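Here is a short briefing on a ligand site and some ring contacts. Please keep the structure open while reading.

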Amino acid sequence: MSAAALRHAASRRLPGTLLLGGAVLGAIAVLAVIGPWITPYNPTAFAVRFRFVPPGAAHWFGTDEFGRDVLSRVLAGAHYSLVMGFGATALSLAVGVPLGLLAAFHRGLVEEAIMRPIDLLISLPPVLLGLLILAVTPPNLFKTVLAVGIVYVPILARLSRAVALGLLEEDFVTAARARGEGAVSILAREILPNAWPPIIVESGLRVTFAILLGSSLSFLGLGPQPPGSEWGLMIAESREFLDRAPWIGLAPGFSLCVLLIAVNLFGEGLREFLDPRLRGRAGG
Amino acid sequence: MAEAAAPILAVEGLSVSYATPYARLFALDDVSLAIPRGEVLGLVGESGSGKSTVVLAALGLLGEAASVSARRAEFDGRDLLADAAALRGRRIGVVFQDPAAALNPALSIGLQVAEPMLTHQRLPRTEAYARAAALLGELGIPRVAEIMQAYPHQLSGGMKQRAMIAAALAGEPELLLLDEPTTALDVTIEAQILDLLEGLRASRGLSMLLVSHNLGIVGRLCDRLTILYAGRTVETGPTAAVLAAPRHPYTRGLLGALPRPEARARRLLPIPGALPDLRSPDPGCNFRPRCPLAVAACAEPQAMLPAGPARRVRCHRHALVADLPLLLDPVAPSRPSAAAPLVDVEGLTRGFGGPTLLRRRRTRVHAVDGMSLTIHPGEIVGLVGESGCGKSTLARLILRLLPADGGRLAFDGRPVPERPDLAFRRRAQIVLQNPDGSLNPRRTVEAILRRPLAHFGLAQGAAAGREVARLLELVRLPEAYRSRYPHQLSGGEKQRVGIARALATRPDFLVCDEAVSALDVSVQAAVLNLLQDLRDTLGVAYLFISHDIGVIAHIADTIVVMYRGHAMERGPADAVLHAPHHPYTEALLSAGAARQMRLVDTAPSGAGCRFAGACPRKLGAICDIEPPPWREASAGHRILCHIPVEQLARPGLRPGPAGARRPQTP
Ligand code: SF4
Ligand code: SF4
């Protein structure tokens, strides 16, 4: 008992990466939420007299070609990336995981009907797929989230199917079948609680990619529209002034970097925390 | 016992501990053993005893994390710990448990046997291959040239193990370390491998260390035994003497817990409790918490005391051990049931594979081929057969977890449809083999036991809580276990929870699919006793499936012997366990008959006997062509064979060295 308790307590020790990533991520999330109230300037107000002011005491990140304060714009734009990253991932989880589990449970026709279209989707490059989804209608934030979410459905569906296939062979699932439990009950009670660690770990990775893909789509003009200050969009708009006023593009670029690194650290920490194999290596 | 010659392997005071992040783990504590030249030493212990650590230590393969110390560790006068790397593969050969894992799947058998000769002895390629072929031939492998070219996946388990032994012998070792060499094999194959080892020892003068958890097999091969318990040697002595009159309570306990066909109708005596924590070894006797003889003085450190000729025991009360009961009182003989059958199976068939849209030529392989059997209320039907005979498939067919291709299944007089109703599901439950996989690792014991109650609407709220308490009591687990997770339980405890879960629905019929096979002997006995008691108190009928005829003999009222998807023999347990036997049953029961079984390599063709390919008593062409008849040996005891009953009653052993007991070496 004492040995088991010790193992249990030790395994709950949080990895440093998880804490660091979580802290940075939390800070960014707070800034994104309270951003509109703490921006030193109105992020969309033109000030023609103050165009291209380099970073300084008055404007920490300088101003852009319309004299807008870059720091204010970066703060006001933070929520876009977070919403795109986490929203799209949540969407692909909500759609992909049930699909994958169902495909694993019903081998045969249902599986084919689910997995073949998914194979098709997975063979297309993500940006292209996003473009296909977005190009036909006028873009906005919600649609970007939708597009990015759909792009990652196949990956999560495949992963959850693979994990579930392994678990379905386990004896405790046989015992559940011997009780005559239905598909939904077996998947929800027996499979999902055991399948979620790898799925959550993968989701952490997906958030990173979703932020990147969302920003890329914005960069191409398929995300939130001006004057919204989505970071990808800001970078796109700053391109012409890169030689004269590099800070206009560097500020959102740097912010994006910090966000991505934080998400990555968090995801890595989560993996360390949840993956029993890594934990086993530490625990002997 | 000739004690004169210097031992080839002499280990004294071997201690091994591992650093783990939370505590130091003491795997071996002052272990001593010696193997005289040309002798076989059996090292016996259950899981956690440290027996495999001994092998790895002798090979110098323990790795960085282990700290190893010994007062003396010599191989033929050389320092074993310092020279292990130079000795292993050359003068010390090793065979591990799982031949499937020990052979490289990407290399041909021939290369793997020849490799040591190419690398260690630097023989030219052709010569190494010629010697490898000769070795494989010596080990009884047919069609050597073909097998040399084959890859491991093309060989059966027994053939793979022979190839492994050949590879171990390729370096011309003087000492062979055998780590559970037959545990992954079927009993009939096991008998053949043991026979082979016996022959090698005689022909090559090999010394061997046979590590096993199985007292039955060490008895066949070893001159001396050393028993390990939780990292310490507890007893050592000549095999016959130790097995006939064990002097340590633990050895005695192991023997009492071992189910054997001869000791049928007696109650097994399990060893209570569990292995001590290896992180904080008890300076006194570490068997104390489980020992029926323990007294206050046992808390003192125990030395290995002399106890008779060439015997030593780590117990100061060893003189009293002989008085311990070996088996408990006989249980009441099973009553023949006159009632209508509860489960009635007729001609159940199920195949796998077969033609698909793309591959029309594939044939369907029948895992279960026309099985019939009846189980009466409260009856225990034991189904025995080796791996691949289709017994687990049959279990799933009977519970309708797999759709059948053909045949009828009736439960309590009514046919069971392909998709059975909840009433059938409630009344027919299953207990599964693998204690690690049979419980959902993310649920507490309480949640696991409450699920069937909720699913069948049997109890809710506080009533369900009381039901959980009743179930835990039934399987003799403390109530406090409610809140535990499976990883906080031992193997035997997990198995009890699995049984409790199956009993939650108050079933009339339980399928136990290898329900005790993954457990150590001492724990297995307790679970067997529990299952027997549950039958007696609750009147549940079991289909008890096992590869171990000892276990089946112990628990079953009726025995069905299965081979290649079909029943070979059936009848009341006492009748099946005594002659006349079906030739296959005979092989399961007697190592002598098993070693005459042929190496099976082809599935039978045509309508003949399914056992014809391996049968040691095969009559000739008739067995290949004509399906054998069911012969009535006595009331309810039927045998599927062309040989008449009167002839089957006489043992089929051919005279000669193969059938004889172990030859005594001078
Ligand atoms: S020393 Fe005591 S506790 Fe240990 S085995 Fe002997 S009698 Fe039992
Ligand atoms: S029918 Fe022939 S092959 Fe089959 S068991 Fe009897 S003797 Fe052996």
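A residue counts as buried when its relative accessible area is under 20%. The model is predicted.

**Aromatic cluster**

- Over all chains, the count comes to 10 aromatic pairs.
- One of them joins B:Tyr229 and B:Tyr250, with 4.6 Å centre to centre and 50 degrees between the planes, a tilted pair.
- B:Tyr229 belongs to strand E10 of chain B and B:Tyr250 to helix H11 of chain B, so this pair ties together parts 21 residues apart in sequence.
- B:Tyr229 has a relative accessible area of 1%, and B:Tyr250 is buried at 1%.
- B:Tyr229 also pairs with B:Phe287: the ring centres are 5.1 Å apart and the planes stand at 85 degrees, so the pair is edge-to-face.
- B:Tyr229, B:Tyr250 and B:Phe287 make up one aromatic cluster.

**Ligand 2**

- Ligand 2 takes up the space of the largest cavity.
- Its shell holds 13 residues, and the closest are B:Cys609, B:Cys615, B:Cys623, B:Cys641 and B:His642.
- Nine residues of the shell around ligand 2 are nonpolar, two are polar and two are charged.

**Charges over rings**

- In chain A, the charged end of A:Arg244 sits over the ring of A:Phe52, 4.9 Å from its centre.
- In chain B, the charged end of B:Arg484 sits over the ring of B:Tyr481, 4.2 Å from its centre.

How values were computed
Residues numbered from 1 in each chain as written. Chains lettered and ligands numbered in written order. Predicted model: local features only at pLDDT ≥ 70, side-chain atom pairs only at ≥ 80, totals over all residues. Heavy atoms only, no water. Near = heavy atom within 4 Å. 1 Å grid on protein atoms, 1.4 Å probe; cavity = no way out; pocket = protein on both sides within 12 Å on 5 of 7 lines; lining within 4 Å. Sits in = over half its atoms within 2 Å of the grid points. Nonpolar A, V, L, I, M, F, W, Y, C, P; charged D, E, K, R; others polar. Phe/Tyr/Trp six-rings, centres within 6.5 Å; stacked < 30°, edge-to-face > 60°. Helix = DSSP H or I, 4+ residues; strand = E, 2+ residues; numbered from the N terminus. Buried < 20%, exposed > 50% of the residue type's maximum accessible area, 1.4 Å probe, protein only. Lys NZ or Arg CZ within 6 Å of the ring centre and 35° of its normal.
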